[in-house]
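I opened the model today to look up a few local features. My notes follow in the order I took them.

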Amino acid sequence: MRRPRARGTGGPEADEGVASPTYAQRLLTDDVKQLTDRLGPRQDAVGVTLSQARDALTRCAEEVCGEIAFRFLLHGFEAFGSPVPRELYGRLERFGERFGYGPIVVDRLHHWVE
């Protein structure tokens with residue numbers, strides 16, 4: 001006997017016309033991985049190199065969750081003091097919106113905007 005799947009999980013199937021949030025977030029994984037290349041250190045982060053941070057963010061996006069990797073990426077910009085051009089800041093805001101975040105999540109990087 002086949003058990004019914006929980007609502008909002010799994011593949012691209014929609015539940016009553018609403019796309020699965022899990023599937024929608026998986027679609028953003030490659031975009032989040034590309035953003036890791038935008039980390040550029042102005043300062044050393046404690047206990048981790050830039051290469052290690054990028055590898056960990058990529059692995060997190062692929063194996064865990066793109067949304068969590070995005071949140072860690074925001075921490076990475078702060079930890080490395082990475083410059084954030086205005087176009088990148090706007091892109092990060094749009095990503096945050098796609099993950100359902102309010103403006104305060106990305107606003108933490110506002111002081112790094114060039």
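I looked up Ile68 first: its relative accessibility is 36%, so Ile68 counts as partly exposed (buried is under 20% relative accessible area, exposed over 50%, partly exposed in between; 1.4 Å probe, protein chains only). The model is predicted: local features need pLDDT of at least 70, side-chain atom pairs count only at pLDDT 80 or more, and totals for chains, interfaces and linings use all residues. Residues are numbered from 1 along each chain as its sequence is written, and side-chain values use heavy atoms, with hydrogens and water left out.

I placed Ile68 in helix H4, residues 66–80 (helices are DSSP runs of H or I, at least four residues, numbered from the N terminus).

**Helix H4**

I checked the length of H4: 15 residues at 1.5 Å a residue should span 21 Å, and the end C-alpha atoms are 20 Å apart, which agrees (the expected span is 1.5 Å times one less than the number of residues).

I listed the buried residues of H4 as Gly66, Ala69, Phe70, Leu73, Leu74, Gly76, Phe77 and Phe80. They cover an arc of only 155° around the axis, which puts them on the same side of H4 (the arc is that of the directions from the helix axis to the C-beta atoms).

**Thr29**

I found Thr29 in helix H2, residues 29–35. Thr29 counts as buried because its relative accessibility is 11%. Beyond neighbours within four places in sequence, Thr29 contacts Ala61, Glu62 and Gly66 (contact means heavy atoms within 4.5 Å).

Note on methods: Helices (H or I, at least four residues) and strands (E, at least two) are DSSP runs, numbered from the N terminus.
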